[in-house]
Amino acid sequence: MIEKGRKIGMKRILIVEDDRDLSHGLCMALRDQEVEIVQAYDLKSAACQLKEEMDLILLDVNLPDGNGLQFLEQVRKQSEIPIILLTANDTELDVVMGLENGADDYITKPFSLAILRARVGAQLRRAKTVKQYKIEIDSYSFDFEKMEFKKDGTLIGLSKTEQKLLRLFVENRGVTLTRNFLVDRIWTDGEEYVDENALSVTVKRLRDKLDAGGYIKTVYGVGYVWKKQQVNAGKG
């Protein structure tokens with residue numbers, strides 16, 4: 001399922017900040033009906049939270065168990081999720097290093113909550129409007145605009161239905177998608193009869209063509225998930 005309590009289309013923001021009062025203040029400033037806030041107070045818990053899909057990370061640079069910049073670098077090895085750094089005014093070097101290592105924006109402390117909301121909103125809108133046509137995961141390269149799908153550089157032919165299914169999987173890595181959700185998104189013609197086994201057959205065919213048994217996992221009684229590699233926090 002899309003995680004319990006999370007609506008389809010709801011944005012999830014991870015706040016990595018060890019100052020608990022500030023973290024709670026950020027939660028109050030950003031939470032609304034379309035946003036779910038997840039809190040982490042150190043790198044270890046942040047890495048654990050990233051087992052689930054996030055839409056944006058607010059990342060403090062100085063954390064009790066290590067440097068947020070190291071965590072940023074590790075996240076960037078496998079994800080283009082928008083990341084906004086939270087830094088002190090006197091950490092110009094951290095800002096420069098953060099931007100060079102893939103941060104999308106930074107906010108210096110102390111800051112206005114109105115500015116924070118505006119910066120977060122801008123990053124979420126940018127992520128929504130910039131369609132990710134080409135996605136690379138380990139040995140896979142999926143170009144949905146050119147309809148070219150490769151593993152280890154070898155082209156793999158996929159039907160239109162398989163392409164739709166693949167896109168849903170890779171754009172929701174780490175999120176369990178229910179059978180009903182997948183059927184509704186892939187077979188959209190309400191007048192068309194869809195055999196109850198059609199999804200199972202399509203998933204198996206896609207899994208076999210891509211040799212993706214280690215990625216496309218069945219969640220029995222619920223649906224399917226494209227397994228997401230765990231991010232490990234660096235040692236502080």
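Predicted model: local features only at pLDDT ≥ 70, side-chain atom pairs only at ≥ 80, totals over all residues.
Residues are numbered from 1 along each chain as its sequence is written, and side-chain values use heavy atoms, with hydrogens and water left out.

The chain contains 8 helices and 14 strands, where helices (H or I, at least four residues) and strands (E, at least two) are DSSP runs numbered from the N terminus. Of the 236 residues in the chain, 44% are buried; here buried means under 20% relative accessible area, exposed means over 50%, and partly exposed lies in between, with a 1.4 Å probe and protein chains only. Among contacts (heavy atoms within 4.5 Å) between residues at least 6 apart in sequence, 59% join residues at least 24 apart.

Helix α6 (residues 160-171) packs against helix α7 (residues 179-186) at an angle of about 130 degrees, the two axes being 10 Å apart. That angle makes α6 oblique to α7. In these terms, axes are lines fitted to C-alpha atoms, for helices over the stretch in contact, and angles run from 0 to 180 degrees between N-to-C directions; angles under 35 degrees count as roughly parallel, over 145 as roughly antiparallel, 65 to 115 as roughly perpendicular, and the rest as oblique. On the side of α6, the residues T161, K164, L165, L168 and F169 take part, and they meet F181, L182, R185 and I186 in α7. By class, this contact of α6 with α7 has 6 nonpolar, 1 polar and 2 charged residues, where Ala, Val, Leu, Ile, Met, Phe, Trp, Tyr, Cys and Pro count as nonpolar, Asp, Glu, Lys and Arg as charged, and the others, Gly among them, as polar.

Helix α6 also holds V170, which counts as buried because its relative accessibility is 1%. Leaving aside its neighbours within four places in sequence, V170 is in contact with I135, I137, F142, F144 and W226. The C-alpha atoms of V170 and K227 are separated by 9.2 Å, although these residues are 57 apart along the chain. S79 lies in the loop between α3 (68-76) and β6 (83-88), and with a relative accessible area of 17% it is buried.

Backbone geometry was considered next. Most residues other than glycine have a negative phi, and most peptide bonds are trans. D138, in the loop between β8 (134-137) and β9 (140-143), has a positive phi near 50 degrees and is exposed, at 56% relative accessibility. M147, in the loop between β9 and β10 (148-151), has a positive phi of about 55 degrees although it is not a glycine, and is partly exposed, at 42%.

A search of the whole structure for disulfides (pairs of cysteine sulfur atoms within 2.5 Å) finds 0. Of the cysteines considered, C27 is buried at a relative accessible area of 4%, whereas C48 is partly exposed at 43%.
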